Amino acid sequence: MEQYSLWNRIYDYIDPIAFKIFDISVHWYGIMYVGAMLIALLIAKIFIKYQNKRFPIAQEQLDSFFIWVEVGVILGGRIGYVLIYSPQRWEYLSQPWQMFNPYIDGVFVGISGFSYHGAMIGFVLAALLFCYFKKQSFWIFMDLSAISVPLGYVFGRLGNFFNHELFGRVIEGEGFSRTIGILVNGELRYPSQLFEAFAEGIVVFIVLMCLLRYAKRPGSLLVVYGFLYALARFICEFFREADVQMGYFALGLSMGQILSIVMMVISAFLALFIFTQSLVSTQRIKSQRKKK
C-alpha cells in the first residue's frame, strides 16, 4: 500500500470555509479574492507614487478607476463563466438576475463560478468607459493595470487551492511528480492551482518588472502582460483537469487553452497596432520639424 506524505494529504487539513458569521459561511476563496484586489490596488498606488512620470495618475483618479473596473471584473467574470462554462447557461439567460443570487432555496451558498477571460473583458470594457467619461489615457491605465494585477492574481489561485477546486490532472506513473501530488478523492493530482499562481502571477510580474524600463510605448506593458499570461496559462493547462462539463476539444486542448491562444493572437495584433501608431506619430513629428 502506497504511503502518502503530509503534503499529499494536505486537503485533509484545509477546510474551504475559513469561518462562519451566524449561518453565513465565509470561504477562503472570498478572502483571497478580496486580498487579490487590495494587493493589486496597493501595487498600483506604489507605482503612481514612485514612477509618476511613467504613470501620471492622481490617487483620487486611481481610486475611482479601481471601483469602475472591479464592477467590470465581477460582472464580466460571472457572466463569462455562465456563457462559456455553465451547463445551466440558458436557464441563467432566461433569468439573468439569478447569476448573482447567493441563495438556493433560502440557503446561503455564495456565488461560485468566475471566468478569468470573462473578467478580463469586463475589466477592459469598464476601463474604456472610465477613460472615456473621465477623459483619461486608456493606455496609461492599462499599463499600470498590467504591472499591478499579476501578484494579486497569485492570491486568486491560492483561493482556488484552499477552496478545493480547479484540480490538476491525475498523475500517471512514478517519480518526483507523485511527491508533489495532492490526494483528491483517492487520486493523486497535480497542484495545478499552485503552478498557475507561480507561472501566471509571480513569473509574469518578474518579467514585466525586468521590461519596465524598456517597454516605454503606451500600451506595451499591456501587450506583454496579455501574451505572457496567455502563454503561462496555456502551459499550466496541461497539468489542470478540464471542466467536467466541457472536456477537451481538437488536439486535446482545453477551453482555457483555446481562449489563451485567442488572447495571444489578440495581443500580437495589439502589439502591431501600437507599433504602427508609434511609427506614424514619429513620422508626423519629423515632418512637422522639417516644415519649421
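Guide: Here is a tour that starts with the salt bridges and then steps back to the whole chain. Keep in mind that this is a predicted model.

A search of the whole structure turns up 10 salt bridges. Let's begin with Arg157, which pairs with Glu196, their closest N and O atoms being 3.1 Å apart. This one links distant parts of the chain: Arg157 belongs to helix α5 (residues 138-162) and Glu196 to helix α7, 39 residues apart.

Now for a salt bridge elsewhere: Glu241 with Arg189, where the closest N and O atoms are 3.3 Å apart. Glu241 lies in the loop between α8 and α9 (255-291), while Arg189 is in strand β6 (residues 187-189), so the pair ties together parts that are 52 residues apart in sequence. Here the two ends fall into separate classes: Glu241 is partly exposed at 32% relative accessible area, whereas Arg189 is buried at 13%. Back with Arg157, salt bridges that share partners join Arg157, Glu196, Glu200, Arg233, Glu237 and Arg240 into one network.

What about charge over the whole chain? There are 25 positive and 19 negative side chains, and the centres of the two sets lie 23 Å apart.

For some context, the chain has 9 helices and 6 strands, and buried residues make up 41% of its 292 residues. Its C-alpha trace spans about 85 × 50 × 40 Å along the principal axes. If you take the contacts with a separation of 6 or more, 70% of them are between residues 24 or more positions apart.

The accessible surface comes to about 16,800 Å², and carbon and sulfur atoms hold 68% of that. One nonpolar patch, of about 680 Å², is made by Ile67, Val71, Leu75, Ile79, Leu83, Trp90 and Leu93. Helices α2 (59-84) and α3 (89-94) each supply at least two of the patch residues, and the largest share, 5 residues, comes from α2. Val71 is in α2, and its relative accessibility of 46% puts it in the partly exposed class.

Ser177, in helix α6 (residues 176-179), is buried with a relative accessible area of 16%. Apart from neighbours within four places in sequence, Ser177 is in contact with Ile171 and Tyr190. Tyr214 sits in the loop between α7 (192-211) and α8 (220-236), and this tyrosine is exposed at 62% relative accessible area. Tyr214 and Gly152 are 62 residues apart along the chain, and their C-alpha atoms are separated by 23 Å.

Key: Residues are numbered from 1 along each chain as its sequence is written. This is a predicted model: local features need pLDDT of at least 70, side-chain atom pairs count only at pLDDT 80 or more; totals for chains, interfaces and linings use all residues. Side-chain values use heavy atoms; hydrogens and water are left out. Patches are made of residues with over 30% relative accessible area and no salt bridge: like charges are joined within 9 Å, nonpolar side chains (Val, Leu, Ile, Met, Phe, Trp, Tyr) within 5 Å. Accessible areas come from the Shrake-Rupley method with a 1.4 Å probe; for residues, only the protein chains shown count as cover. A salt bridge is a side-chain nitrogen of Lys or Arg within 4 Å of a carboxyl oxygen of Asp or Glu. Helices (H or I, at least four residues) and strands (E, at least two) are DSSP runs, numbered from the N terminus. Buried means under 20% relative accessible area, exposed over 50%, partly exposed in between (1.4 Å probe, protein chains only). Contact means heavy atoms within 4.5 Å. Lys and Arg count as positive and Asp and Glu as negative; His and the chain ends are not counted. The place of a charge is taken as NZ of Lys, CZ of Arg, CG of Asp or CD of Glu.
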